[in-house]
Amino acid sequence: MSLMHHPHEKPHEKGLLGKIHISKEFSGKSRTHKILVGVGLLAGIGVVLGGILVLAVAATLPSDSEIANLKIPESTKIFDRTGEVLLYDMSENQQRVVVPLSEFPQQLKDATIAIEDPRFYSTPGIDLLGIGRAMIKNILAGEIVEGGSTITQQLAKKVFLTDDRTFTRKAKEALLAIKLSRYYTKDEILELYLNQIPYGPTINGAETAAQMYFNKPVREISLAQAALLAALPQSPVRYSPWGKNTDQLFARQKRVLKAMLDQDKITQEQYDQAVAEEITFKERFNSIKAPHLSLMVQDYVVEKYGEEAVGRGGLRITTTLDWKMQEAAEKAVLEGAKRNESLYGGTNAALMAIDPKTGQVLALAGSRDYFDESIDGNYNVPFQALRQPGSTLKPLVYMAAFMKGYTPSTQVYDVPTEFVSGDPNCPAIPNFASGEGSCFHPQNFDGAFPGPVSLRSALAQSRNVPAVKALYLVGLRDMLGLAEQLGLTTLGSAERLGLSLVLGGGEVHLADLVRAYSVFPGDGSIHDRAVILEIKDEQGEVLEKFEDKVTKVVDPEYPRMINSILTDVNERGRLLGSSLSSTIFDGYDVALKTGTTNDYRDAWAIGYTPSIVVGVWAGNNNNRPMVSQGSSLVAAIPIWSQFLREALPLFPQGEALAKSNGPTTGKPILDGNPMPDGTAHSILHWVDRSNPTGPPPSNPGSDPQYSNWETAVQVWAGNMSSSSTSTTPGSAAISISLREPSGPISGREVEFSGTANLTQEAGDDEIDEVVILWNGSQVRRFRGNFGSSYDFSGSFRNNDGEGSHTFVVLVRTKTGAENSRSIEVTAE
């Protein structure tokens, strides 16, 4: 449809102010008359200045020939980091189907006029009342906060101007509206409006919108659909039926219907029927790459530069996305989520990868499929979903402990411990069969309590009891303070969380957790997250460019200790077992931490190298639990591993993470000796929490946790020093014969052997598990139907150096009975 038109002949209209006559003989007039004359002078000056301003603005307006020959607006395009892979052309597949006014149903015309310009047919292109009302609000605000634009003004703005919220643009808009009204009738302006106005970032005109959203011509749409279309032009990107703000869209649709009702365009019955009508939208044509990131960038551009920048600004946006990594991420997430759905009932997954050296997002798979409505695929899990992090917070807790003066060698007792003190319903020796909800006595993933264990082994094996003790030693408020410095601001208050925080008691965004982990390869520093490298306008002028913003959070020594632990393949193998091979990448130094929440609602895998941090979440958007086997080992690690198999070859081999084994403090308990005086005591016996490296506490019993921790340790020590045969009430008695391990030389293989027997009290019970622990870490495990007697033997490598070591054999039966036997050995 051409905008070429002959102006209608209109009679000359008189000015609104008329003429002002000034008397030359005013000296003898009254004071009131003088004031009136002064006001008249000021008004005259105002008219002159206003006229000059109008002439100045009018000189910048498009000419008549420009009005008749419109320039087709250039679309905004989003690219990957190379600038070669087009992720999203915001006008791709855009259609503008022009139809005459007679094709638009009356209810769409009425809906549009009711919500946008109720006095459309009675105003000369501008609404002086609306402008006056908006002007007062804008002057009071000091900026444009309300438009007061008529349909004619909106048409002028969309065709000729930008969305700049300035007084100059509003003046141009008003003058152009008057000019358009001189060239076109009201019906012609309405026809142009309904054919030109955007109804989405790539959809112009109501006919195109009806086809794209409802799969029908505009003449066939219902009243409810007409009201919905009329709701879109105010903010076509925000209100997009394919976006995440459909609740806002339907709220505005109801406003349109209410306006029609108030203006007697529809009856109450029609209003009620339209509000009740269920509207479904045609599936979006999938022509967008990396949709979660691309649309996140689009939202940012709209927020910062306005709708005009999206619709016709011709911006060229270069993102931080690496397309090869993005393809690998989307493939790994889709295949992994489908596998999880069939095996564990987990329908969704997400992955995010960043460069720890810059904070730039390299890959973002916000769900397994953006366009899969059955799983709410357009929900951007890394940025929108708050999920419990499970054990993935443990490295942050242990780093906080190292900052306090503890070391990776520091020993704590991994024994059954009740962490609610002073409650008679929660005895110091926990009853794991009790359902008392106010108590807190976590178990370990393997069900074992090996006794003294180093913080290094405790973190590497993700043991729960030592982690809770580490959090208590650090202090909950100090830990939350560190988490906040790392960008984890959603965890909640110390009062709400308690010590369960370290086991996943709070909630985080995957995107924030991935950034927090960048402190480890970042040597104590983190960078602001970035998704955009550069934005250029239509003329190639740079509007925005990436600037690296880095914050030092901790000294390098502390994350280096975490790196040493999380890259230790031997320690990791004691946790992962058969899954270990999927976490080893020849030529690359890779750290890993996993996490699984209660009831298997969330499975996590977060790992890093010096050049990339990758986080994976698996589960269900609706928080439905996966089945009991859906742990991080089988639901998250395979996705994480598959992605890294394709992503790591994009980086050079041989780059190593900075590592440290920690300092030597001179304090035995901190340096690895759990019994400095030869007797077993909890760490609170030797360490003052407020000054860990200082002298022992003068009154350790004053610590509120001391009694429970100490009782648990003494029970463990009593069991270890008693006969090697113990009986679990209601179960079989177990006897263990153990030969002292041979060859405990640092770095060499340690050989062991022994026999486990059931006594006559066992009845039909059978031995089904034997676990070998070295300094609290599991080094071997035997499972099977062993009957009433089992001879075990094997070997393992001593990676804990010289000095005193604790060798423990733990035996369990099918009924749950268990007994352990320990020997202290010295390695040369």
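Q: Let's start with helices H3 and H10. At what angle do they pack?
A: Helix H3 (residues 106-116) and helix H10 (residues 246-262) pack at an angle of about 95°. Their axes are 8 Å apart. Keep in mind that this is a predicted model.

Q: Why give an angle and a distance?
A: Two packed helices are described by the angle between their axes and the distance between the axes.

Q: So how are H3 and H10 oriented to each other?
A: Roughly perpendicular. Angles of 65 to 115 degrees count that way, and the angle for H3 and H10 is about 95°.

Q: Which residues meet there?
A: From H3, there are Gln107, Asp110, Ala111, Ala114, Ile115 and Glu116. They meet Arg252, Arg255, Val256, Ala259 and Met260 in H10.

Q: Zooming out, how many helices and strands does the chain have?
A: The chain has 27 helices and 24 strands.

Q: And what share of the residues is buried?
A: Buried residues make up 54% of the 828 in the chain.

Q: What about contacts between residues 24 or more positions apart?
A: They account for 69% of the chain's contacts with a separation of 6 or more.

Q: On to strands. How do E1 and E2 run?
A: Antiparallel. Three bridges join strand E1 (residues 77-79) to strand E2 (residues 86-89). Lysine 77 stands opposite aspartate 89 in E2.

Q: What lies between E1 and E2?
A: Six residues, and the two strands form a hairpin. Glycine 83 sits in the turn, with a positive phi of about 75°.

Q: Which sheet has E1 and E2 in it?
A: An open sheet of five strands, in the order E2-E1-E5-E11-E12. Its pairing is mixed.

Q: Which strands stand at the edges?
A: E2 and strand E12 (542-545). Each has a single partner strand, so one side of each has no neighbour in the sheet.

Q: How much twist, on average?
A: The twist averages 15° from one strand to the next.

Q: How does E12 pair with E11?
A: Strand E11 (residues 532-536) and E12 pair in the antiparallel sense, over three bridges. Isoleucine 535 stands opposite glutamate 544 in E12.

Q: New topic: aromatics. How many pairs are there?
A: The structure holds 21 aromatic pairs. Take phenylalanine 752 and phenylalanine 796: their ring centres are 6.1 Å apart and their planes are at 40°, so the pair is tilted.

Q: Where do phenylalanine 752 and phenylalanine 796 lie?
A: Phenylalanine 752 is in strand E19 (residues 749-758), and phenylalanine 796 is in strand E22 (residues 789-797). The pair therefore ties together parts that are 44 residues apart in sequence.

Q: Are those two buried or exposed?
A: Phenylalanine 752 and phenylalanine 796 are both buried.

Q: What about tyrosine 790 and phenylalanine 792?
A: They form a tilted pair, 6.4 Å centre to centre, with 35° between the planes. Tyrosine 790 counts as buried at 17% relative accessibility, because the cut-off is under 20%. Phenylalanine 792 is buried too, with a relative accessible area of 1%.

Q: Which residues form the aromatic cluster?
A: Phe752, Phe782, Phe786, Tyr790, Phe792, Phe796 and Phe807 form one cluster.

Q: Last one. Which ring does lysine 186 lie over, and which does arginine 316?
A: Lysine 186 lies over the face of phenylalanine 120, 4.9 Å from the ring centre. Arginine 316 lies over the face of phenylalanine 79, at 3.9 Å from the ring centre.

Note on methods. Residues are numbered from 1 along each chain as its sequence is written. This is a predicted model: local features need pLDDT of at least 70, side-chain atom pairs count only at pLDDT 80 or more; totals for chains, interfaces and linings use all residues. Side-chain values use heavy atoms; hydrogens and water are left out. Rings of Phe, Tyr and Trp (its six-membered ring) pair if their centres lie within 6.5 Å; planes under 30 degrees apart count as stacked, over 60 as edge-to-face and the rest as tilted. Helices (H or I, at least four residues) and strands (E, at least two) are DSSP runs, numbered from the N terminus. Buried means under 20% relative accessible area, exposed over 50%, partly exposed in between (1.4 Å probe, protein chains only). A charge sits over a ring if NZ of Lys or CZ of Arg is within 6 Å of the ring centre and within 35 degrees of the ring normal. Two strands pair if DSSP finds at least two bridges between them. Axes are lines fitted to C-alpha atoms, for helices over the stretch in contact, and angles run from 0 to 180 degrees between N-to-C directions. Angles under 35 degrees count as roughly parallel, over 145 as roughly antiparallel, 65 to 115 as roughly perpendicular and the rest as oblique. Contact means heavy atoms within 4.5 Å.
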